[in-house]
Amino acid sequence: MKKPKVAFFSLTSCEGCQFALLDLGERFFNFLREVELVDFSLIEEIPFPKEKVEIDVSFVEGLPIKNEEIELLKKIREESKILVAMGNCASLGGIPEMKNYQGKERTIRYVYKKLNVENPEIKEIDNFVKVDFYIPGCPIHGEEFLKYAKELTEGKIPEISQKPVCSECLNQGKETCFLRKKEPCLGPITLAGCEAICPKNNQLCYGCRGILKNVNLKGFLETLKKFKNPEEIEDNLEIFGIKDEIEKFLKP
Amino acid sequence: MKIAIPHIHKIEGEAGFWAKVTKTGKIEELKFQTLLGLRQIEGILIGRRYFEVPIVVSRICGICPVPHILCAITSLENALKLKVSEQTTLLRKLLLAANIVHSHTLHLFFLSLSDFFNIENDLDLLKKFKKESKAALDVRNLALEITKVIGGRPVHPITPIVGGFTKLPEKEKLKEILEKIPQAIENANLLIETFKKIEYPEFERETLFASVFNGKDYPYYLEKIVKIGDEKFTFSDFYSVQIEEDLKSPPVKRVKFRGKAYMVGAIARLKNNGKFLTKNSKEKFEEFLKERKLNEKEYFKNIFHNLFSQAIEVLQFLEVCQGLLKEVLRLPLKEERPKIEFHPSSGLSALEAPRGTLFHYYEIDREGRISNCNVITPTAQFLHNIEKDLKTLLPQIVKLKKKDQIRKIRSLVRIYDPCISCATH
């Protein structure tokens, strides 16, 4: 059987999702042995061809900030059967999207006062090209990647089951639950699959995996407002780029 | 003649190289250029709450989130005049030492080694170096395990916060790691042997080496002194007076020391603090000098030895981890939540990240929000040094075939282990 052609691309980002893959060690290399690798600049030398290539699945990490990155993204789309947004930045704007909420001119001028810096509004990759599947998380969860990647390389688009982070949380229903302690944890509205790693480590969920479908967002936010001031809740929603998603959901 | 490498693979982040050089080797233009966009992490942090800082700065870089988190929270603690416990300090030192081990191992084995054997893909490298690749993966896995047990996960650890940790590691798990260290040390020795046998290209250029310094041990975590060349400065003097940031070419800051290029990272630490290495690491270093018939001066003139210096540091910091684990296991680990009081203030911190000295500076207001900040990364400090070395290299390779020229340039750039996500942030 012919091996599926797979490529990994990194736009502006911390590249942490790629490292989450490398951190799988031998298991990730085993995955790579089952595919034909078209491009993955972190581990191979061959330049991504200028001419047209055919790719079965492309995984794209990060954000297109530079024009060259937008061009590359479009080329990737044209040449890929399936294009996957890998991680929180590519899917939801991530940490860099905070810039949008605070006035991007002010933010970008903070260090480079008068120089000409490319400073677009931070936009997720699906603002530029059609995205077939989103792997959530900041960073992505390596195990989850392997599961989805298998289906994707078989040409299938995986279904992510719509469960909240709370369903995986050890604190659920206990005294230690952040919400019981009146801490604004976003577990109930956030997509599970991370094994509730932040609450497990005694840290609030800030929703890096994105908002669940079919959830009573309005009701949840009203509940939070009963014990936290709106400004603090807004601040929390800004961290991983979900504030704009919530605004979209809540639009009448 | 023009030489262009639009995208240099196998480094952290995206960067390229352009040069114009005459047939006689006169360089008319030369540039090592980063290709990532500016996220402007500092600008993003203005107005944010102090506890968001570690979450945000860890996302500067997926390979070295630990030093960014630690440098940021200790700088904030300096601003808030917050003293942390011995337990917190030991656990942080463990995290940082483990980060250096994992980052170096990745660079040594998966990014740089193939340059010396003309291998273009890591899967082929794994085939050729079966035993060595298993050793490298095992060492790296152990370092990642330390990060996971203490930090919650390897990429973007969760637990370290201003004042301490959200959650303490389980002693049982730390014990398990301690038991695995002798095996990891054996593997590190195997890696040193691999990197001892490599034929490092002949290369000569003197430069200045900077790192933290304390005159007692091989320092890496929160030191007060920075040593550069033969001079010593307090870290705040070095940061605020002795170095200058050139902001003319965003998205990177390019840093110089009194107008001069300098080098940070493994080779710089070895230069400034080599005599404080552990006994085993020192022996391995001296063996190398002896076998190559090199004196120290010659060793440090050849930047390609940064690679061997990293191999030495893998052993060094594994031994450091071993000592720290024993110390931590002697303590009765207990939950701590020091009280935080806000007042307008500022703080600076300096520590050794895998690629060199890292500085984080913050100002905080009376509500606990950030009013000013600055991050100076190791890669921003050695960008000038890379270009200087490339300028030295180029005239020596003008007569080679294009393919070989490109190979030489790539390999010199990779020796630095540049981190472009950090440099641009």
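Predicted model: local features only at pLDDT ≥ 70, side-chain atom pairs only at ≥ 80, totals over all residues.
**Exercise 1. Work out what share of the 252 residues in chain A is buried.**

Solution. Start with the term: a residue is buried if 20 or more other C-beta atoms lie within 10 Å of its own, exposed if 12 or fewer, and partly exposed in between, with C-beta atoms placed from the backbone. By that count, 44% of the 252 residues of chain A are buried.

Residues are numbered from 1 along each chain as its sequence is written, and chains are lettered from A and ligands numbered from 1 in the order in which they are written.

**Exercise 2. Describe the overall build of chain A.**

Solution. First, the secondary structure: chain A has 11 helices and five strands, where helices (H or I, at least four residues) and strands (E, at least two) are DSSP runs numbered from the N terminus. Finally, the C-alpha trace spans about 55 × 50 × 35 Å along its principal axes.

**Exercise 3. Trace the sheet of chain A and find its edges.**

Solution. Begin with the order: the five strands form an open sheet, S2-S1-S3-S4-S5, with parallel pairing. Two strands pair if DSSP finds at least two bridges between them. Now the edges: strand S2 (36-40) and strand S5 (133-135) of chain A each have a single partner strand, so one side of each is left without a neighbour in the sheet. Then look inside: S3 (residues 55-61) and S4 (residues 80-86) of chain A pair in the parallel sense over six bridges, and A:Ser58 stands opposite A:Leu83 in S4(A).

**Exercise 4. Characterise the side of chain B that touches chain A.**

Solution. Take the contact count: 48 residues of chain B are in contact with 46 residues of chain A, contact meaning that C-beta atoms, placed from the backbone, lie within 7 Å. Helices of chain B that each supply at least two residues to this side include H5 (122-128) and H6 (130-151). By class, the side has 20 nonpolar, 15 polar and 13 charged residues. Ala, Val, Leu, Ile, Met, Phe, Trp, Tyr, Cys and Pro count as nonpolar, Asp, Glu, Lys and Arg as charged, and the others, Gly among them, as polar.

Conventions. Contact = placed C-beta atoms within 7 Å.
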